[in-house]
Amino acid sequence: MAVKSRRFIQMIMSACFAAAFFTIAACSGGYYTADVNGEKKVYRVDEHGAKTLVYETDQNGKTTIHDADDPMAKRQAATQEIAEQIGAKQANQLEQLSRTPKRQPSDPIYVSLAPPLLDAQMEKAERSKGVVAEQIRNEFEADPIIRLIEKNQNQSGLLKPHVAASADVEVLPKVSLKEAYGVDRKTGKPSKMLAVVFEATITTQVPPATYNVSESGHVMRNLEVSKRFAKQVKQVILEKIGPTIPAH
(Lines give C-alpha, C1' and ligand atoms only; values in the text may rest on other atoms or scores of the structure.)
Protein backbone atom coordinates (compact mmCIF):
# COMPACT_ATOMS: atom_id res chain seq x y z
CA MET A 1 0.00 0.00 0.00
CA ALA A 2 2.83 2.32 0.85
CA VAL A 3 4.40 1.66 -2.56
CA LYS A 4 1.14 2.53 -4.35
CA SER A 5 0.87 5.73 -2.32
CA ARG A 6 4.39 6.78 -3.27
CA ARG A 7 3.65 6.11 -6.95
CA PHE A 8 0.43 8.13 -6.72
CA ILE A 9 2.27 11.03 -5.13
CA GLN A 10 4.95 10.89 -7.84
CA MET A 11 2.25 10.99 -10.55
CA ILE A 12 0.62 13.99 -8.90
CA MET A 13 3.97 15.81 -8.66
CA SER A 14 4.76 15.07 -12.31
CA ALA A 15 1.38 16.36 -13.39
CA CYS A 16 1.81 19.51 -11.32
CA PHE A 17 5.28 20.06 -12.75
CA ALA A 18 3.97 19.72 -16.29
CA ALA A 19 1.08 22.07 -15.56
CA ALA A 20 3.45 24.59 -14.02
CA PHE A 21 5.75 24.35 -17.04
CA PHE A 22 2.97 25.09 -19.52
CA THR A 23 1.66 27.89 -17.30
CA ILE A 24 5.10 29.50 -17.23
CA ALA A 25 5.40 29.10 -20.99
CA ALA A 26 2.02 30.72 -21.51
CA CYS A 27 2.85 33.55 -19.16
CA SER A 28 6.18 34.23 -20.77
CA GLY A 29 4.55 34.84 -24.16
CA GLY A 30 6.47 34.65 -27.43
CA TYR A 31 5.75 33.71 -31.04
CA TYR A 32 3.99 30.83 -32.69
CA THR A 33 4.57 29.72 -36.29
CA ALA A 34 2.05 27.73 -38.31
CA ASP A 35 2.82 26.12 -41.66
CA VAL A 36 -0.26 25.19 -43.66
CA ASN A 37 -0.09 24.03 -47.30
CA GLY A 38 3.20 25.80 -47.85
CA GLU A 39 2.03 29.06 -46.29
CA LYS A 40 3.75 30.35 -43.16
CA LYS A 41 1.89 32.39 -40.53
CA VAL A 42 3.64 33.93 -37.53
CA TYR A 43 1.61 34.87 -34.47
CA ARG A 44 2.54 36.83 -31.37
CA VAL A 45 1.36 35.08 -28.21
CA ASP A 46 0.65 37.19 -25.13
CA GLU A 47 0.84 36.13 -21.48
CA HIS A 48 -2.73 34.84 -21.61
CA GLY A 49 -2.10 32.65 -24.63
CA ALA A 50 -4.00 34.89 -27.05
CA LYS A 51 -2.53 34.92 -30.58
CA THR A 52 -2.17 37.95 -32.88
CA LEU A 53 -1.20 37.48 -36.53
CA VAL A 54 2.06 39.34 -37.13
CA TYR A 55 2.82 38.42 -40.75
CA GLU A 56 2.26 35.64 -43.26
CA THR A 57 4.27 34.37 -46.22
CA ASP A 58 2.57 32.67 -49.16
CA GLN A 59 3.85 29.80 -51.32
CA ASN A 60 5.61 32.24 -53.65
CA GLY A 61 7.60 33.78 -50.81
CA LYS A 62 5.60 37.03 -50.73
CA THR A 63 5.17 38.41 -47.22
CA THR A 64 2.16 40.34 -45.95
CA ILE A 65 2.75 42.34 -42.77
CA HIS A 66 -0.22 42.61 -40.38
CA ASP A 67 1.50 44.35 -37.46
CA ALA A 68 4.16 46.75 -38.74
CA ASP A 69 5.21 47.76 -35.19
CA ASP A 70 6.07 44.23 -34.12
CA PRO A 71 9.87 43.58 -33.87
CA MET A 72 9.54 40.22 -35.64
CA ALA A 73 7.58 41.85 -38.45
CA LYS A 74 10.21 44.58 -38.82
CA ARG A 75 12.98 41.98 -39.16
CA GLN A 76 10.95 40.04 -41.71
CA ALA A 77 10.22 43.21 -43.69
CA ALA A 78 13.94 44.06 -43.78
CA THR A 79 14.79 40.52 -44.90
CA GLN A 80 12.10 40.67 -47.57
CA GLU A 81 13.41 44.01 -48.84
CA ILE A 82 16.95 42.66 -49.17
CA ALA A 83 15.67 39.55 -50.97
CA GLU A 84 13.69 41.71 -53.40
CA GLN A 85 16.74 43.88 -54.09
CA ILE A 86 18.87 40.81 -54.78
CA GLY A 87 16.14 39.34 -56.99
CA ALA A 88 15.82 42.58 -58.95
CA LYS A 89 19.58 42.74 -59.43
CA GLN A 90 19.73 39.15 -60.65
CA ALA A 91 16.80 39.74 -63.00
CA ASN A 92 18.55 42.80 -64.42
CA GLN A 93 21.75 40.81 -64.92
CA LEU A 94 19.86 38.02 -66.69
CA GLU A 95 18.12 40.57 -68.91
CA GLN A 96 21.46 42.12 -69.85
CA LEU A 97 22.90 38.68 -70.55
CA SER A 98 19.97 37.83 -72.79
CA ARG A 99 20.83 40.86 -74.93
CA THR A 100 24.54 40.01 -75.06
CA PRO A 101 25.62 37.97 -78.09
CA LYS A 102 26.64 34.42 -77.15
CA ARG A 103 29.90 32.90 -78.31
CA GLN A 104 29.79 30.71 -81.38
CA PRO A 105 30.60 26.98 -81.07
CA SER A 106 33.98 27.48 -82.74
CA ASP A 107 34.96 30.51 -80.62
CA PRO A 108 37.67 29.93 -77.97
CA ILE A 109 36.86 29.57 -74.27
CA TYR A 110 39.51 31.09 -72.02
CA VAL A 111 40.16 28.91 -68.98
CA SER A 112 42.18 29.65 -65.86
CA LEU A 113 43.55 26.31 -64.69
CA ALA A 114 45.00 26.59 -61.20
CA PRO A 115 47.84 24.33 -60.05
CA PRO A 116 46.28 21.27 -58.38
CA LEU A 117 46.08 21.20 -54.60
CA LEU A 118 47.78 17.97 -53.45
CA ASP A 119 47.12 16.36 -50.10
CA ALA A 120 50.04 15.26 -47.91
CA GLN A 121 50.05 11.70 -49.22
CA MET A 122 49.97 12.81 -52.84
CA GLU A 123 52.82 15.27 -52.27
CA LYS A 124 54.96 12.43 -50.92
CA ALA A 125 54.00 10.13 -53.79
CA GLU A 126 54.74 12.71 -56.51
CA ARG A 127 58.14 11.71 -57.91
CA SER A 128 59.00 15.12 -59.36
CA LYS A 129 57.40 18.37 -58.30
CA GLY A 130 54.90 19.63 -60.88
CA VAL A 131 54.39 16.28 -62.61
CA VAL A 132 50.72 16.02 -61.61
CA ALA A 133 50.06 19.61 -62.71
CA GLU A 134 51.74 18.95 -66.05
CA GLN A 135 49.79 15.72 -66.43
CA ILE A 136 46.47 17.53 -65.99
CA ARG A 137 47.49 20.50 -68.10
CA ASN A 138 48.53 18.34 -71.04
CA GLU A 139 44.96 17.09 -71.35
CA PHE A 140 43.78 20.66 -72.07
CA GLU A 141 46.66 21.85 -74.24
CA ALA A 142 45.58 20.07 -77.42
CA ASP A 143 41.92 21.03 -77.22
CA PRO A 144 40.97 23.22 -80.23
CA ILE A 145 38.48 25.35 -78.25
CA ILE A 146 39.93 25.67 -74.75
CA ARG A 147 42.67 28.29 -74.29
CA LEU A 148 44.57 28.14 -71.00
CA ILE A 149 45.49 31.39 -69.31
CA GLU A 150 46.70 32.38 -65.84
CA LYS A 151 45.70 35.22 -63.52
CA ASN A 152 49.29 35.96 -62.49
CA GLN A 153 50.99 36.71 -65.79
CA ASN A 154 54.36 37.32 -64.11
CA GLN A 155 54.82 33.62 -63.44
CA SER A 156 56.80 31.30 -65.65
CA GLY A 157 57.29 27.60 -66.31
CA LEU A 158 54.15 25.54 -65.85
CA LEU A 159 52.22 28.67 -64.93
CA LYS A 160 53.28 30.80 -67.88
CA PRO A 161 50.23 32.42 -69.50
CA HIS A 162 49.36 31.29 -73.00
CA VAL A 163 46.94 34.06 -73.89
CA ALA A 164 46.56 37.60 -72.55
CA ALA A 165 42.80 37.52 -71.95
CA SER A 166 40.33 37.40 -69.09
CA ALA A 167 39.14 33.97 -68.03
CA ASP A 168 35.67 32.77 -68.95
CA VAL A 169 36.05 29.77 -66.66
CA GLU A 170 38.10 28.99 -63.55
CA VAL A 171 39.12 25.42 -62.72
CA LEU A 172 40.44 24.56 -59.24
CA PRO A 173 41.68 20.95 -59.16
CA LYS A 174 42.53 18.82 -56.14
CA VAL A 175 44.34 15.48 -56.07
CA SER A 176 44.52 13.11 -53.11
CA LEU A 177 45.33 9.53 -52.19
CA LYS A 178 42.77 7.53 -50.22
CA GLU A 179 42.25 3.96 -49.15
CA ALA A 180 39.31 2.36 -50.92
CA TYR A 181 37.78 -1.03 -51.53
CA GLY A 182 37.74 -2.55 -55.00
CA VAL A 183 37.41 -5.93 -56.66
CA ASP A 184 40.51 -8.01 -57.25
CA ARG A 185 40.48 -8.94 -60.95
CA LYS A 186 42.26 -12.23 -60.26
CA THR A 187 40.14 -13.49 -57.37
CA GLY A 188 36.94 -11.49 -57.94
CA LYS A 189 36.84 -10.71 -54.23
CA PRO A 190 36.75 -7.30 -52.51
CA SER A 191 40.17 -6.00 -51.60
CA LYS A 192 41.62 -2.82 -50.12
CA MET A 193 43.55 -0.59 -52.49
CA LEU A 194 45.15 2.84 -52.63
CA ALA A 195 43.10 5.08 -54.89
CA VAL A 196 44.00 8.37 -56.51
CA VAL A 197 41.13 10.88 -56.43
CA PHE A 198 40.91 13.83 -58.82
CA GLU A 199 38.39 16.57 -57.98
CA ALA A 200 37.66 19.97 -59.49
CA THR A 201 35.46 22.99 -58.83
CA ILE A 202 34.55 24.72 -62.08
CA THR A 203 33.13 28.24 -61.89
CA THR A 204 32.06 30.96 -64.26
CA GLN A 205 31.00 34.49 -63.33
CA VAL A 206 29.00 35.34 -66.45
CA PRO A 207 26.54 33.78 -66.08
CA PRO A 208 27.27 32.72 -62.48
CA ALA A 209 27.51 28.93 -62.14
CA THR A 210 29.48 26.31 -60.23
CA TYR A 211 30.10 22.67 -61.12
CA ASN A 212 31.94 19.90 -59.29
CA VAL A 213 33.45 16.80 -60.88
CA SER A 214 35.48 13.91 -59.52
CA GLU A 215 37.17 10.78 -60.82
CA SER A 216 39.03 8.04 -58.97
CA GLY A 217 40.83 4.79 -59.61
CA HIS A 218 43.78 2.63 -58.62
CA VAL A 219 46.88 4.67 -57.93
CA MET A 220 48.86 2.57 -60.42
CA ARG A 221 46.49 3.77 -63.15
CA ASN A 222 46.73 7.46 -62.23
CA LEU A 223 47.46 8.54 -65.81
CA GLU A 224 44.32 6.84 -67.05
CA VAL A 225 42.32 8.33 -64.17
CA SER A 226 43.65 11.82 -64.90
CA LYS A 227 42.56 11.50 -68.53
CA ARG A 228 39.02 10.52 -67.50
CA PHE A 229 39.01 13.39 -65.01
CA ALA A 230 40.15 15.94 -67.59
CA LYS A 231 37.52 14.64 -70.02
CA GLN A 232 34.80 15.30 -67.43
CA VAL A 233 36.08 18.84 -66.82
CA LYS A 234 36.24 19.59 -70.55
CA GLN A 235 32.70 18.28 -71.06
CA VAL A 236 31.41 20.70 -68.43
CA ILE A 237 33.29 23.60 -70.01
CA LEU A 238 32.34 22.83 -73.61
CA GLU A 239 28.82 21.48 -73.21
CA LYS A 240 27.36 23.20 -70.13
CA ILE A 241 29.24 26.48 -69.84
CA GLY A 242 30.33 27.18 -73.41
CA PRO A 243 26.89 27.78 -74.94
CA THR A 244 25.92 30.29 -72.21
CA ILE A 245 28.94 32.59 -71.97
CA PRO A 246 29.01 35.87 -73.91
CA ALA A 247 31.06 36.37 -77.04
CA HIS A 248 34.38 38.21 -76.70
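## Aromatic pairs

A residue counts as partly exposed when its relative accessible area lies between the limits for buried, under 20%, and exposed, over 50%. In this predicted model, Tyr32 has a relative accessible area of 40% and is therefore partly exposed. Tyr43, at 19%, is buried.

These two residues form an aromatic pair, and the structure holds two such pairs. The ring centres of Tyr32 and Tyr43 lie 6.1 Å apart with the planes at 35°, so the pair is tilted.

## Packing of helices H4 and H5

Helix H4 (residues 131-141) packs against helix H5 (residues 222-241) at an angle of about 45°, and the axes are 9 Å apart. The angle makes H4 oblique to H5. The crossing of H4 past H5 is right-handed.

On the H4 side, the contact comprises Gln135, Ile136, Glu139 and Phe140. The residues they meet in H5 include Leu223, Phe229, Ala230, Val233 and Ile237, as well as Lys227 and Lys234. Classified by residue type, the contact of H4 with H5 contains seven nonpolar, three polar and three charged residues.

Tyr181 is located in strand S8 (residues 169-183). Its relative accessible area is 64%, so Tyr181 is exposed.

Leaving aside residues up to four places away in sequence, Tyr181 touches Ser191 and Lys192. The C-alpha atoms of Tyr181 and Leu194 are 8.4 Å apart in space, while the two residues are 13 residues apart in sequence.

Notes. Residues are numbered from 1 along each chain as its sequence is written. This is a predicted model: local features need pLDDT of at least 70, side-chain atom pairs count only at pLDDT 80 or more; totals for chains, interfaces and linings use all residues. Side-chain values use heavy atoms; hydrogens and water are left out. Axes are lines fitted to C-alpha atoms, for helices over the stretch in contact, and angles run from 0 to 180 degrees between N-to-C directions. Helices (H or I, at least four residues) and strands (E, at least two) are DSSP runs, numbered from the N terminus. Angles under 35 degrees count as roughly parallel, over 145 as roughly antiparallel, 65 to 115 as roughly perpendicular and the rest as oblique. A crossing is left-handed if the near helix is turned anticlockwise from the far one by less than a right angle, and right-handed if clockwise. Contact means heavy atoms within 4.5 Å. Ala, Val, Leu, Ile, Met, Phe, Trp, Tyr, Cys and Pro count as nonpolar, Asp, Glu, Lys and Arg as charged, and the others, Gly among them, as polar. Buried means under 20% relative accessible area, exposed over 50%, partly exposed in between (1.4 Å probe, protein chains only). Rings of Phe, Tyr and Trp (its six-membered ring) pair if their centres lie within 6.5 Å; planes under 30 degrees apart count as stacked, over 60 as edge-to-face and the rest as tilted.
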